[in-house]
Amino acid sequence: MTRIVLADDHPMIRTAIEVLLRDTRYKLEGTARSGVEAIAEVDRAKPDILLVDLEMPEAGGMEVIRTLRGRDKTPRIVILTAAIDDSSLMEARALGVEGIVLKNSDPAYLLKCLDAVRAGRAWVDPEVKARSAELEVIFAGATRAALAPRERQLIRFVRRGLRNREIAKELGVTEGTVKVYLHAVFEKLGVSSRTELAIRADEFLAESYWKN
Amino acid sequence: MGRGLQLYSGRVIALGRLLLATSFLGAIAVDISQPAQAPVETFGLLIAYLVFSALVAAATWDNWWLDAKLAGPTHAVDIGLFTVLVLLTEGYTSPFFVFFVFVLLSAAIRWGWRETALTAILLIILYLVAGLFAAHSAVGFPLYRSIIRTGHLVILSLILIWFGIHQWRARIPARSEDLLADPKLDRSPLETGLTAAMTALGASRGVFLWIEDAGEPQLATCEGSQLTVASFEPVKGMNLTSGAFLYDIARNRALTRDAQRNLLGRNPSDLIEPHLAADLKLDEGVAVPVRTGTGEGQLFLEDLPGLSTDHIDLGDQLSLDLAAHLQRHALLKAAGESAEARSRLTLARDLHDSVVQFLAGAAFRLEAMKRSEASGRTLEPELNELKKLMLQEQGELRGFITALRGGSQVAMADLVRDLGALADRLSRQWAIDCTFKSEAGDLMVSTNVHLDAHQLVREAVANAVRHAQATSVQIVLTADRRFVRLDLINNGAAFPSHGEQVELPQSLRERVEQAGGNIELSRGMDVTKLAIALPAGGPNR
């Protein structure tokens, strides 16, 4: 049996997946309602596969994936989400996520994906695959300088609407340092304002992860 | 300033001069003791001055250009006449004192404090010189009288110089601030700005060209009662002046004021691009530059009754009022768009959390049933469970839609029924003990309150379960004519706090603020109480 941990904050989804996995070769070892719970559950159950939603309270799915990928031993990861933006898609690809399934696709895809991942292959939802191919073409001619991990983190904070003081608190640096970082990011990406950076954050991040 | 007679400053000065000249002549003719010196020459001079005053009044009454051009020479004539009157007249009928006031007031009205001060100094020197001359040439002329009067003139001069600095500026008869106080969002600010400016100055024709940063130039035109706003071909080189100016395209005349309020004659083509003047069919009027943080433009007002140099001052006032009007409109529009965007985001979030997730879950369950059927298992319990969930979701969605498109008010009984059903549903959804109790009377509440209460309960319960691991939530509804109150008491962990400040869930706080209500969080006896008060009539937007 392949052991699975499911992280999704919506009870309807959790119950449905539990029912779907009944009488299959998969065993639901645990469920989590938030990112923090997901990591704790992975640590406890040590599953073969983590099935994770992107939109969750406390820590989102991408934060969970980043944390787990920073470890030596990590379960195979399948993203189960209602929607995925370009930057998350490219980041997931860069982090070597094994599967991506959209909740609005054919529900049979989930089992198909789990089967593929179980067998050691990657499986990506056709809609996501098509978008990924489009982005390949778009970014093929990209000339912007690559972004450092800290710069990407800064852009994510700006996209969330955090002020410099809040960003400084999150990063454990001074407000002045955040201003210097931001100025460097503005220069690198050729943007003139914080608003422009926030609006185009998805594009910048996606391109940056694509380069990785 | 009378609207009927349109007595602008040039006309007031010309009329004042004419009346004074008539009065001097009459007074001296009646008083047999005057003129004290050279009677024939004095009468001749006063008659000549009367004719001069009449000619100036007639020539400048409807001609701002001549009024501006003759302002200096007529002022010099007035000063000269003052000096002669000091020499030739004495006693109570001597008009020199009144004339002194008139000449200084003219300077204060026309120019400003510098010119008033210079005029005052010149008049006092001339008065002293004339006094000295009279003391030398006439026996018994008391010099001390001239010195005392000079002191009086100095005091009066200081008062009039102060008046020139602070007091006088032509003012718009109907305050444009009032006319522009209501930036109607359903109309272009150019329309409302143009019509208000025309009303303020009584113009019959107006053109307002506006170029928003990174936007297409817009042109508002009003002739009589016909008002149009249309996009305009990109304008090159619309160099805005720092202040308003008068123009007469046909006669090739324009008048501006410099920083010292001196009137400067200009060529209109230096101020208005000739092709623009032709496109806009400009003739004669006042041009008003308008600048805001997001754009700039030029307002042209024509067919103005009694167009005068005062209109330069009036134009400068209009410029500030129009800029404030455009900015106020932009601010209101931005606030409206922001509220709309927030509503869209809230709606999207609600739909995502309810409908999208539910449908995805239902699809997975159907897939599971399909596989169960293939393995020969009975589907009835699964189907019944799914049907029940679907009916509940449908009921909730129907309530949501009804509230969205319904009338302005719903009965409290409907709200009580819906919240009771929601509490049951939340109990099952989160596997907790969620109870609902109503202590509200028979009232009508706004549909917004119905919608907000529904979403707030869903969100508050979800937060209590997700973040505080609550296993029981008690919901109590109370209401009076002013407020609908919801108390949600859960047995979960305390909310995170910074010092004594408890961190309220942001989305809850935002939703309550948008609804115009307030939210309070308290902790005690191992339970958390969230007290929400919503205005029963809905938000005061």
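**View 1. Where chain B meets chain A.** Here 17 residues of chain B are in contact with 20 residues of chain A, two residues being in contact if their C-beta atoms, placed from the backbone, lie within 7 Å. Helix H11 (310-374), helix H13 (412-430) and helix H14 (447-468) of chain B are the elements that give two or more residues to this side of chain B. H11(B) provides the largest share, twelve residues. By type, the side of chain B that touches chain A divides into eight nonpolar, six polar and three charged residues. Ala, Val, Leu, Ile, Met, Phe, Trp, Tyr, Cys and Pro count as nonpolar, Asp, Glu, Lys and Arg as charged, and the others, Gly among them, as polar.

A note before moving on: this is a predicted model, in which local features need pLDDT of at least 70, side-chain atom pairs count only at pLDDT 80 or more, and totals for chains, interfaces and linings use all residues. Residues are numbered from 1 along each chain as its sequence is written, while chains are lettered from A and ligands numbered from 1 in the order in which they are written.

**View 2. An open sheet in chain B.** Eight strands line up in the order E3-E2-E1-E8-E7-E4-E5-E6 (chain B), with antiparallel pairing; strands pair if DSSP finds at least two bridges between them. Strand E3 (226-231) and strand E6 (263-266) of chain B stand at the edges with a single partner strand each, so one side of each has no neighbour in the sheet. On average, neighbouring strands of this sheet are turned by 20° against each other, direction ignored.

**View 3. The E5 and E6 end of the sheet, with helix H3 of chain B.** Strand E5 (residues 253-257) of chain B pairs with E6(B) in the antiparallel sense over four bridges. Look for B:Ala254, which stands opposite B:Arg266 in E6(B). Helix H3 (residues 64-88) of chain B lies across strand E4 (245-248), E5 and E6 of chain B, and runs at about 55° to E5(B).

**View 4. Two helices of chain A.** Helix H4 (residues 86-94) and helix H11 (residues 201-211) of chain A pack with their axes 7 Å apart, at an angle of about 15°. H4(A) is therefore roughly parallel to H11(A), a term for angles under 35 degrees. Among the residues that meet are A:Met90 and A:Ala94 in H4(A) and A:Leu205 and A:Trp210 in H11(A). This contact's residues divide into six nonpolar, one polar and three charged.

Notes: Axes fitted to C-alpha atoms, helices over the stretch in contact; angles between N-to-C directions. Parallel < 35°, antiparallel > 145°, perpendicular 65-115°, else oblique.
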